[in-house]
Amino acid sequence: MRLARPRIISETRPLVEERRPPASRLRPHSWLSEESAALYRSVQESGEPFGLYLSSNAEAKVREHAVKEAPKHLEVMGFLLGEVRSWQGFQYSVARDVVTTQLRSSASKVRFDPDAFPKLFVGLDGSGFEYVLVGWYHSHPGHTCFLSRTDLDTQRRIFNQPYHSALVIDPVNKDIKAFRLVPGGYEEVSFAIFTPSSSTGAKRVKRRRLKVEPVLGC
Ligand SMILES: [Zn+2]
């Protein structure tokens, strides 16, 4: 999957709030493989935060997007929006919502339709809170969850911060995994689904304004 690199127009450093991660109504994704479920349990038992907390709303959007295009074997993609936090020395990300737009996709690659960028950025502005791009999602319909060489290139160019995740979903095999960069490659990131309560609502999210402008044709 090739994603045009957004140009960052202005950015302030994220103020990483020290805050306890979502703890109630937390669950593993029902599509986790044995291996990913074992990772989930080990993090849960350790008491450390998961690397990524995905809201039930964001999870449903990603899954429904992937499932909708699966019969045509088309890949889908979008951005994960949320915030970066830390708790007792561990940094973690919270993805509250996702945004996407029209795509030009095939079974093995996908990119945003350049003509659809205005709509995408209206979507970002209309997300109702000041967002941080905490990563991206895309689907691998029928070819399992991993980062291809091109995905890894996208991750290194655009999503190269410790709080950036790549969520990959295979709606055919019913598998989902999150990844992040490590020196020399990438590794799986533990993630949990949470159902937001009113006290963790988007109204309270005011961390960083990241203005991005797409650079086309990369
Ligand atoms: Zn991919």
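Trainee: Which residues of α2 are buried?

Mentor: In this predicted model, a residue counts as buried if 20 or more other C-beta atoms lie within 10 Å of its own. By that test, the buried residues of α2 are A58, E59, V62, H65 and A66. They lie on the same side of α2, because they cover an arc of only 140 degrees around the axis.

Trainee: Against which strands do the buried residues of α2 pack?

Mentor: They pack against β4, β5, β6, β9, β10 and β13.

Trainee: How many residues does the largest nonpolar core have, and which of them touch the most other members?

Mentor: That core has 40 residues, and L52, L80 and L81 are the ones that touch the most other members. Several elements each supply at least two of its residues, among them α2, β5 (77-87) and β11. Taking L80 as the case to follow, and leaving aside residues up to four places away in sequence, its contacts include A58, W136 and L167.

Trainee: Where in the chain is confidence lowest, and where is it highest?

Mentor: Where pLDDT is low, the predicted coordinates should not be read in detail. Here confidence is lowest in strand β14 (residues 211-214), at a mean of 46, and highest in strand β11 (residues 175-182), at 98. Over residues 200-218 the pLDDT is below 50, although this stretch has 44 contacts in the model beyond near neighbours in sequence.

Technical notes. Residues numbered from 1 in each chain as written. Predicted model: local features only at pLDDT ≥ 70, side-chain atom pairs only at ≥ 80, totals over all residues. pLDDT = per-residue confidence, 0-100. Helix = DSSP H or I, 4+ residues; strand = E, 2+ residues; numbered from the N terminus. Contact = placed C-beta atoms within 7 Å. Core = buried A, V, L, I, M, F, W, Y, C linked by C-beta atoms within 7 Å. Buried ≥ 20, exposed ≤ 12 C-beta atoms within 10 Å, placed from the backbone. Arc of directions from axis to C-beta.
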